[in-house]
Amino acid sequence: MPLSHFACANCGFWQQHFAPPDCPVCSDVRNDLPEDGWNFLPEDDVARTHDGDFRQIADDLWAFTTSPHLGLGGTGWLIVRPVAEGGNIAFEAAPYYSRAMLDTIAELGGIASLAASHPHGYGALFQLQRAFDPDVVAIQKDDLAYTKAFRVTAPYDDTLELAPGYTLHHVGGHYAGQAALHDAKAKRLFCGDMFKIDQDADGRSTHISSHKAFHKDIPLTHGEVQAYRDVIAPLAFDAVLTPFEYAPEIGRDRALEVLDEALARPPQVRRVPV
């Protein structure tokens, strides 16, 4: 069997393999194993059955999603920047990119830097690397074991500046190598799964939580929550973006309140009203 890319039908995690024996994301304590056993989808099968959507969120921000739903169903964010200032930054990835999605990214200027928070946000990073060959593919070193589908060119320890005003910060917690991207110019925090935002049908945020594994009710330790707080307290932001949600209602002060509330009680998973 030739070496190729396979997506886990249960969570959407991609591996470059001959025949994946299992899925490291599903096998992890944060996720459920597939009840009917492993089913790994070759890239050609995904391409035949999936399309995608894209929308402009702000003058410099686009969101890319895959349809129908594949795996965890995350969003790929594209920050559009002038080439003279270093070019576009892609953070997180959609589960799969159709030809039209890739063509749109090309029309917007391609990708100069590619990064993600943790494996739940990796999506089809391999497609973006293959299509645009960015010089920088940045993953925090503690999550390199999950990067079988693509090649990391810029592993890092605590911080990595992708461009002036755009800095990756290692936060840990939910995953050992979890990182957040701070967009200082637009005052946005691409927070990975530091926070889970519950939203209503109209996209309005209703509850916010911070957790190790929300659907399994595994809380973060106080040390992990404090580490989150230590990283984000000095950062100015008026909105948070997870691999799944855009929450312009939640800025730095509200995020710190949620973490302070968690530090003031025994560890537990709790949804705090926005």
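Start by selecting Asp198: this residue is buried, at 15% relative accessible area (buried is under 20%, exposed over 50%, partly exposed in between, with a 1.4 Å probe and protein chains only). Before moving on, keep in mind that this is a predicted model, where local features need pLDDT of at least 70, side-chain atom pairs count only at pLDDT 80 or more, and totals for chains, interfaces and linings use all residues. Residues are numbered from 1 along each chain as its sequence is written, and side-chain values use heavy atoms, leaving out hydrogens and water.

Next, pick Lys196, which forms a salt bridge with Asp198, with 3.6 Å between the closest N and O atoms. Salt bridge here means a side-chain nitrogen of Lys or Arg within 4 Å of a carboxyl oxygen of Asp or Glu. Lys196 is partly exposed, at 24% relative accessibility.

Glu245 is buried, with 9% relative accessible area.

Now jump to Arg265, whose salt bridge with Glu261 has its closest N and O atoms 3.0 Å apart. Arg265 is buried at 14% relative accessibility, whereas Glu261 is partly exposed at 22%.

Finally, select Lys196, Asp198, Glu245 and Arg271 together: salt bridges with shared partners join them into one network. Across the whole structure, a search finds 20 salt bridges.
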